[in-house]
Amino acid sequence: DRPYNSPPPNAQNLMVNNNEEFRALIESPEPDNATIEQFVSKYKGRTIEFDGNVADVIPYKSYKTRFDFLIHAGDYNPNSAHGPSFKFSDVAYHDLHLTGANIPDSIGTGQNLHIVAEILEYNSAQEVLFLEPVTTSAR
């Protein structure tokens with residue numbers, strides 16, 4: 001028996017082309033808390049895969065090598081974003097598990113990435129959907 005919330009074996013990554021709920025969520029100009037909470041409740045622990053960008057990077061607490069990455073869906077645009085605000089919290093560069101032919105020396109604001117990440121939780125007060133990076137690649 002699987003634990004209650006664990007994904008089925010060989011579960012496909014949730015992507016815009018195979019999951020309508022995920023497509024609607026990340027294409028929405030400003031999804032409301034209830035919509036995001038419902039999605040996270042249903043898919044927590046599952047892996048999502050999408051093209052996104054680094055909207056902001058800030059140091060995690062007082063650490064010099066650990067960061068919080070604010071991630072938005074689609075290509076970087078400093079003047080607009082859509083979908084929920086995703087966050088990789090308390091991660092170092094190596095925690096991003098960069099793959100592919102074009103591995104940058106660092107990841108910063110404005111970087112477009114292809115993201116594969118596990119859904120952790122949604123904080124409605126912060127309006128942030130926390131993710132655990134599985135793999136990322138520059139695009």
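Tutor: What follows is a close look at the helix pair H1 and H2 and how they pack.

This is a predicted model, in which local features need pLDDT of at least 70 and side-chain atom pairs count only at pLDDT 80 or more, while totals for chains, interfaces and linings use all residues. Residues are numbered from 1 along each chain as its sequence is written, and side-chain values use heavy atoms, with hydrogens and water left out. Helices (H or I, at least four residues) and strands (E, at least two) are DSSP runs, numbered from the N terminus.

Helix H1 covers residues 20–27. At its start, a side-chain oxygen of Asn 19 comes to within 3.1 Å of the backbone nitrogen of Glu 21. The buried residues of H1 are Phe 22, Leu 25 and Ile 26. Here buried means under 20% relative accessible area, exposed means over 50%, and partly exposed is in between, with a 1.4 Å probe and protein chains only. The arc is taken from the directions that run from the helix axis to the C-beta atoms.

What do the buried residues of H1 pack against? Their partners are helix H2 (33–43), strand E1 (47–59), strand E2 (67–73) and strand E3 (85–91). Contact means heavy atoms within 4.5 Å.

Helix H2 has a cap at its N-terminal end, where a side-chain oxygen of Asp 32 lies 3.1 Å from the backbone nitrogen of Ala 34. Buried in H2 are Ile 36, Phe 39, Val 40 and Tyr 43. They line one face of H2, because they fall within an arc of 95 degrees when seen down its axis. The face turned away from this buried side carries the exposed residues Ala 34, Gln 38, Ser 41 and Lys 42. The cover over the buried residues of H2 includes H1, E1, strand E4 (112–123) and strand E5 (128–138). Just after H2, Gly 45 has a positive phi of about 90 degrees.

Now the two helices together. H1 and H2 pack at an angle of about 145 degrees, and their axes are 11 Å apart. For these values, axes are lines fitted to C-alpha atoms, for helices over the stretch in contact, and angles run from 0 to 180 degrees between N-to-C directions. The contact involves Glu 21, Phe 22 and Leu 25 of H1, together with Thr 35, Ile 36, Phe 39, Lys 42 and Tyr 43 of H2. By type, the residues of this contact are five nonpolar, one polar and two charged. In this count Ala, Val, Leu, Ile, Met, Phe, Trp, Tyr, Cys and Pro are nonpolar, Asp, Glu, Lys and Arg are charged, and the others, Gly among them, are polar.

Phe 22 and Leu 25 are both buried residues of H1 and part of its contact with H2. On the H2 side, Ile 36, Phe 39 and Tyr 43 are buried and belong to that contact, whereas Lys 42 of the contact is exposed.

Note on methods:
A polar contact is a pair of N or O atoms within 3.5 Å; within protein, one must be able to donate a hydrogen and the other to accept it, and residues adjacent in sequence count only if both atoms are side-chain atoms.
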